[in-house]
Amino acid sequence: MTLIEERKKKNLSRREVAENVGLAEITIRKIEESKRNPSIKTARKLSIYYEKTLDELFPDIFLLPNDTKRIKQKNTKAS
């Protein structure tokens, strides 16, 4: 949801974001709809573009090493 919010804050379409970061529009759509996880390279492009950290844009993918709350929640769900 964060990517969609960030894109809408800038009044941009998916196509515009895709063109600006050098990705396909379908890639942006799939990442926004959580149908695809971004590669680290793609995530960094989006992070730089939106001026956000990786964990701000992708909290479920890029956990901070000292974020034990999310790590514990993740481990509990896996059990």
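This is a predicted model: local features need pLDDT of at least 70, side-chain atom pairs count only at pLDDT 80 or more; totals for chains, interfaces and linings use all residues.
Residues are numbered from 1 along each chain as its sequence is written, and side-chain values use heavy atoms, with hydrogens and water left out.

View 1. Glu-6 belongs to helix α1 and Lys-52 to the loop between α4 and α5, so the pair ties together parts that are 46 residues apart in sequence. Helices (H or I, at least four residues) and strands (E, at least two) are DSSP runs, numbered from the N terminus. Glu-6 is buried at 9% relative accessible area, whereas Lys-52 is partly exposed at 26%. Buried means under 20% relative accessible area, exposed over 50%, and partly exposed in between (1.4 Å probe, protein chains only).

**View 2. The salt bridge of Arg-7 and Glu-32.** The side chains meet at 2.7 Å, N to O. Arg-7 in helix α1 and Glu-32 in helix α3 are 25 residues apart. Arg-7 is buried, at 9% relative accessibility, and Glu-32 is buried as well, at 6%. Both residues take part in a network of salt bridges that also links Arg-14, Arg-29, Glu-33 and Lys-35.

**View 3. The salt bridge of Arg-15 and Glu-25.** The closest N and O atoms are 3.3 Å apart. Because Arg-15 lies in helix α2 and Glu-25 in helix α3, the pair ties together parts 10 residues apart in sequence. Arg-15 is exposed at 52% relative accessibility, and Glu-25 is partly exposed at 35%.

**View 4. The two faces of helix α4 (residues 40-50).** Its buried residues are Thr-42, Ala-43, Leu-46, Ser-47, Tyr-49 and Tyr-50. These residues lie on the same side of α4, because they cover an arc of only 165° around the axis; the arc is that of the directions from the helix axis to the C-beta atoms. The face turned away from the buried side carries the exposed residues Lys-41 and Ile-48. Just after α4, Glu-51 takes a positive phi of about 55°.

Terms used
A salt bridge is a side-chain nitrogen of Lys or Arg within 4 Å of a carboxyl oxygen of Asp or Glu.
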